[in-house]
Amino acid sequence: MRGLRIEVRNDERSMDIIMKKEKDPKASSLSTKLCYATGDIGCNFVWTFISGFLMLYYTDSVGVSAAFVGTMFFICRALDGMSDLGMGVIIEKTSSRFGKARPWVLLFSIPLSISLLLIFNVPATLPYLGKQVYIYTTYILMAVICYTAVNLSYNAMLPRFSLTSHDRNLVSAIKGAAVIVAALLVSLLTPFLMEAFGGYQSQKAWSQTTAIYAVIALVMLLITFFGVKEKIAPNIDEDGKPAKVEVKKALSLLIKNKYFYVATALFVVFYAITGTGGVGIYFARDILGDANLFGLISAIAILPMIIGIPILPAMYKKFGKRNVMLVGALVSAAGCLLQLINPASLPLYLTFAIVRGFGSIMFSLPIFTLASDIVELDERRYGFRAEGLVTSSNSLGIKVGTGLGAAMVGWILALGKYDADAAVQLDSSLNAMIVLQIGMPLVLSLVLAVLLIFWDIEKKLQVYDN
């Protein structure tokens, strides 16, 4: 019996050692993080391509006016606001063997790829009014319906498999690296592919390039669906059936939550900066003198992001997420201010694009964890989780922001009298490009800094942790 006791004690001691070596059960595995990040690669092969090149396609290839495109972007983004909240409600009501948000990534990945193909294939035989109707119809299908369903569901997955703030910061860092890769590839490959397939005014070139990106987006999203499992089980009632979701309660809590409005505003302003990036190809061609410089500009801006990603999670942990984001917004503003010294100087522009890049990565990595923090705070305060509705702040902000930014590109280019057929643009058109590429990001970065003053959710979470 004495030997038996010793053996049991040894087993217990061994078990203690094993338990200490076990990873945090709330942490996600590296493979899960990587599979989740591929989904954002897919989304960015759609959205980066649209943000950077759709305006150029519509004005220089299809032949519609910049003012029309800007207004179309703005109107469709208003519709997006409704679709985001609607999709949030749908996610809240979903209870399946695949989870709550994950099945919608699968269901809409193929429609998203098809809608991307439709957007960049405006029939040349249509009359001008017919082209306008086609543009509205296909853009609403892609942005308001398909992209909303995929991207909102994708972001709603995060708090359902990554269960701690620190783990979500790590997921965000890996996801941020994936986004950088996607953005860099789209920025560098698009000019090369367009030239290889026939040039920017060739419909064949746009069609073939889009087909490549549509396939890549589909594959990446499928990897996310099959590689990431939700850890939080769907709501089940006492009979083992899907529980009725209290959407009214979730909405009432949401509209009383100041952090929902702050997070949405941060997304709108940040992605308005991204939306003005649609002028980048014009800026490279008409201000810097070579459209092919667009890829170099994008690569230079992304370089500091690659440097910053490995160290940022530690910075968030030490200094606080809000404080790092605030510094990032101010650094971005400083980079823009210095670029205004001489916008036509390529060395000067590229030097301070690096500064802007450092500021951008300090802000852009943690922004997608804001909604998850709201979900965690609501669960601790009310015992209630509403990932779908809360995450709609992400999608709503992205859509409204990029739409507003893209609309400003169309409107300000039109005010500057941009002429797609002109060999040399008027000074007013060139000034409009400078305002959009540098001036607007400067102002909007300062707005971000002001909004961050109201984001003190980390202190609230610490109170509950203690």
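In this predicted model, a network of salt bridges links Asp60, Arg285 and Asp286. Asp60 is buried, at 14% relative accessibility. Arg285 is partly exposed, at 28%.

The whole structure holds 8 salt bridges. One of them joins Glu230 to Arg160, with the closest N and O atoms 2.7 Å apart. Glu230 sits in the loop between α7 and α8, while Arg160 belongs to helix α5 (residues 128-161), so the contact ties together parts 70 residues apart in sequence. Glu230 is buried at 15% relative accessibility. Arg160 is buried too, at 3%.

A further salt bridge pairs Lys258 with Asp456, the closest N and O atoms being 3.5 Å apart. It links distant parts of the chain: Lys258 is in helix α9 (residues 258-276), and Asp456 is in the loop between α17 and α18, 198 residues apart. Lys258 is partly exposed, with a relative accessible area of 39%. Asp456 is also partly exposed, at 24%.

Helix packing was examined for α14 (residues 346-364) and α17 (residues 427-452). Their axes lie 13 Å apart, at an angle of about 30°. The two helices are therefore roughly parallel. Their crossing is left-handed.

Met82 is found in α3. At 58% relative accessibility, Met82 counts as exposed.

Conventions. Residues are numbered from 1 along each chain as its sequence is written. This is a predicted model: local features need pLDDT of at least 70, side-chain atom pairs count only at pLDDT 80 or more; totals for chains, interfaces and linings use all residues. Side-chain values use heavy atoms; hydrogens and water are left out. Helices (H or I, at least four residues) and strands (E, at least two) are DSSP runs, numbered from the N terminus. Buried means under 20% relative accessible area, exposed over 50%, partly exposed in between (1.4 Å probe, protein chains only). Axes are lines fitted to C-alpha atoms, for helices over the stretch in contact, and angles run from 0 to 180 degrees between N-to-C directions. Angles under 35 degrees count as roughly parallel, over 145 as roughly antiparallel, 65 to 115 as roughly perpendicular and the rest as oblique. A crossing is left-handed if the near helix is turned anticlockwise from the far one by less than a right angle, and right-handed if clockwise. A salt bridge is a side-chain nitrogen of Lys or Arg within 4 Å of a carboxyl oxygen of Asp or Glu.
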